[in-house]
Amino acid sequence: MRIFLTGGAGFVGGWIVKKLVADGHTVTVYDNFSSGLRDNISGYGDTVTIIEGDILDFELLKQSMAGHDVVSHQAAQLEITTAIEDPSIDVTQNIIGSLNTIRAAQANGIKKMVIASSGCIYGQVKNPPVKETDTARPNWEYGVSKLAVEKYCDIFADYDNMMIANLRYAIVYGENEWYGRVLTIFLKRALENKPLIIFGEGSAERDFVHVEDVAALNVKLLTEKNWTGNKRLNVSTGVATTVNQLAELVKEVVKEIDGKELEVIHEELAEGKESKYVEGRLRLPRELGVMHLDNSEAKAFTDWSDTVALKDGIRREYIWLKENHKRWHTLSY
Ligand SMILES: NC(=O)c1ccc[n+]([C@@H]2O[C@H](COP(=O)([O-])OP(=O)(O)OC[C@H]3O[C@@H](n4cnc5c(N)ncnc54)[C@H](O)[C@@H]3O)[C@@H](O)[C@H]2O)c1
């Protein structure tokens with residue numbers, strides 16, 4: 001199949017490209033390289049065509065999409081703090097950019113799209129793990145932008161006969177990840193022999209899903225499975241891990257690989273304030289108490305299942321980081 005992929009040079013996009021190529025498909029990556037890297041999609045020869053373009057450039061997007069069978073839409077602005085400071089950036093990048101992508105597919109007669117949504121659409125939840133049918137009430141502007149796209153997709157699916165899947169990713173981690181979130185900060189500090197810093201008690205729960213599993217579900221939906229309407233699926237492990245447990249796993253992995261004993265420090269820090277240990281790192285405002293997504297619908301709908309256990313994934317990412325430490329000089333998000 002010929003797959004058109006926005007944001008294909010990014011972290012998740014690069015893994016989707018890898019899996020599509022391994023499965024014998026051809027791919028066009030459409031990316032403005034605002035955060036994506038050519039290194040993420042190099043070495044594929046003619047199988048992968050790269051177009052440097054912006055999803056806000058509707059005419060180029062529409063022309064570039066001609067001749068493809070399906071569309072995967074991964075491009076987005078995903079920095080929570082950027083959207084808190086100016087939510088109109090998300091409205092433009094995530095809502096208008098996604099509408100452009102859907103309308104370009106429609107103009108080219110492409111019926112099937114798989115779109116990256118986010119577990120952030122649920123906001124603060126009372127009864128985790130959340131299911132797709134639970135109330136979505138985002139606590140961050142970024143989540144509102146993702147939820148708005150899902151609502152538009154209902155209309156395109158219901159009235160224009162499009163087949164769309166909105167994949168609500170939990171916390172995606174793994175090799176090629178950007179430096180900025182809690183696991184990456186732990187791993188970089190571990191490499192530099194510094195104590196791991198936990199903001200507050202460390203009881204917040206997160207659902208970490210390995211990027212290889214996320215890519216596998218995307219590819220299954222793009223190339224194997226058909227359905228009607230706008231399908232929403234949580235993409236997660238269904239396992240909640242506290243930040244304290246995550247730090248323990250990192251300690252175990254680093255001990256096994258390097259023989260080092262890491263110290264853990266709990267830093268009392270108000271939301272929105274910068275850490276005194278991790279330069280440039282703010283404690284996020286309106287932090288989620290729990291991000292824990294039930295993945296039984298994705299498992300029932302396809303023969304997909306998450307396969308990478310968190311400790312194995314951390315081991316893989318730490319080994320990758322040791323070989324690629326130059327990629328992580330500055331905080332990204
Ligand atoms: N990484 C996660 O944990 C996570 C969790 C939930 C949802 N998501 C969603 O998954 C998708 C991929 O995220 P990622 O982690 O790979 O991020 P990423 O920043 O690595 O990838 C985004 C890609 O989109 C490109 N891009 C951004 N704006 C663009 C524009 N206007 N036009 C063209 N290209 C543009 C970037 O250059 C980059 O290559 C996003 O939609 C994100 O919201 C990610």
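The model is a predicted one, in which local features need pLDDT of at least 70 and side-chain atom pairs count only at pLDDT 80 or more, while totals for chains, interfaces and linings use all residues. Residues are numbered from 1 along each chain as its sequence is written.

Stay with Trp304, which sits in the loop between helix H9 (296-301) and helix H10 (310-323); helices (H or I, at least four residues) and strands (E, at least two) are DSSP runs, numbered from the N terminus. Trp304 counts as buried because 21 other C-beta atoms lie within 10 Å, where buried means 20 or more such atoms within that distance, exposed 12 or fewer, and partly exposed in between, with C-beta atoms placed from the backbone.

Next, colour the chain by domain, using bounds that come from an automatic or database domain assignment: domain 1 covers 2-172 + 210-235, and domain 2 covers 174-206 + 240-295 + 308-327. Between them, 24 residues of domain 1 are in contact with 20 residues of domain 2. On the domain 1 side of this contact, H1, helix H3 (80-85), helix H7 (211-223) and strand S11 (230-235) are the elements that give two or more residues. The residues on that side divide into 12 nonpolar, 8 polar and 4 charged, with Ala, Val, Leu, Ile, Met, Phe, Trp, Tyr, Cys and Pro counted as nonpolar, Asp, Glu, Lys and Arg as charged, and the others, Gly among them, as polar.

Now select the ligand and its shell of 28 residues, of which the closest are Gly7, Gly10, Gly36, Ala76 and Val172; a residue is near a molecule if its C-beta atom, placed from the backbone, lies within 6 Å of it. Helix H1 (11-22), helix H4 (87-107), strand S5 (112-118) and strand S7 (171-173) each supply at least two residues of this shell, and the largest share, 3 residues, comes from H1.

Finish at the open sheet, where 3 strands run in the order S12-S9-S14 with mixed pairing, two strands being paired if DSSP finds at least two bridges between them. Strand S12 (241-242) and strand S14 (290-291) stand at the edges with a single partner strand each, so one side of each is left without a neighbour in the sheet. Strand S9 (residues 205-206) pairs with S12 in the antiparallel sense over 2 bridges, and Arg206 stands opposite Thr241 in S12.

Methods:
Contact = placed C-beta atoms within 7 Å.
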